[in-house]
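Work through these exercises with the sequence and the 3D view side by side. Try each task before you read its solution.

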Amino acid sequence: MTKVVILDTGCCNLTSLRAAICRLGVDPVVTSEASVAQGASRLFVPGVGTAKTAMRELKARGLIETIQMASCPVLGICLGMQLLGQESEETGGVQTLGLIHGQVRQLKTGGRPLPHMGWNRVKVSVSDPLFSGLDKNLGEYFYFVHSFAFAVCDATIATSTYGETFSAAVRKKNFWGVQFHPERSGAAGVRLLKNFLERT
């Protein structure tokens, strides 16, 4: 039986993500315990706030190695996606999980306000089961709230633009990351979560 686990990273609001997964007929386990997370068949790593605080919380909860050694499909959401990288330039540089080679930096918005908040079109650049059934030509709209993002890199599978083009989704092996919030992104977000639970 599929065991879906949402990691309580201490830096996220888990209610909306859990509710979205429950609406798909799956009752996820929310935990900060490494021993529980290690038995997952699907693992969500959500996050909001700062990379520095999130990495401190993951270390305190003994979750860093648990994420790094996961063999099941893993989905990082928003800050959780950024944590999959090697380093964030936030606050002078924060070492993160080192799972995806790519630079996380503050958006260069061309004078637009930060954080980038609202609906933006996401264009799929690499065919991936995460976006199955979604518009890959014009792109779907997803909801974003962030000031930092992955630069476009070898792991990029979808992009969006706010002043500059950045990675809206990345993948390396069994690790996926999305900069947007699928749980707050209407029908497109529901489909993406369903794809992660069933197709990846």
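**Exercise 1.** Which residue in β10 stands opposite glutamine 106?

*Solution.* Glutamine 106 faces phenylalanine 148. Now set the rules. This is a predicted model, where local features need pLDDT of at least 70, side-chain atom pairs count only at pLDDT 80 or more, and totals for chains, interfaces and linings use all residues. Residues are numbered from 1 along each chain as its sequence is written, and side-chain values use heavy atoms, with hydrogens and water left out.

Next, place the strands. Strands (E, at least two residues) and helices (H or I, at least four) are DSSP runs, numbered from the N terminus. Strand β7 covers residues 103-106 and runs antiparallel to β10, with three bridges joining them. Two strands pair if DSSP finds at least two bridges between them.

Then widen the view. The open sheet has four strands in the order β6-β5-β7-β10, and its pairing is mixed. Its edge strands, β6 (94-95) and β10 (148-150), each pair on one side only.

**Exercise 2.** Find the partners of strand β1 and say which way its side chains point.

*Solution.* Start with the partners. β1 runs parallel to β3 (residues 42-45), joined by three bridges. Valine 5 has leucine 43 as its bridge partner in β3. β1 also pairs with β2 (residues 29-31) in the parallel sense, over three bridges. Here isoleucine 6 has valine 30 as its partner.

Now the side chains. In a regular strand they alternate between the two faces of the sheet. In β1 (residues 4-7), Val4 and Ile6 point one way, Val5 and Leu7 the other, and all are buried. Buried means under 20% relative accessible area, exposed over 50%, partly exposed in between (1.4 Å probe, protein chains only).

**Exercise 3.** Why is the pair of tryptophan 119 and tyrosine 143 called edge-to-face?

*Solution.* Recall the rule: rings of Phe, Tyr and Trp (its six-membered ring) pair if their centres lie within 6.5 Å; planes under 30 degrees apart count as stacked, over 60 as edge-to-face and the rest as tilted. The structure holds six aromatic pairs. In this one, the centres are 5.7 Å apart and the planes stand at 70°, so the pair is edge-to-face. Tryptophan 119 lies in β8 (residues 116-124) and tyrosine 143 in β9 (residues 140-146), so the pair ties together parts 24 residues apart in sequence.

Finish with accessibility. Tryptophan 119 is partly exposed at 46%. Tyrosine 143 is buried at 15%.
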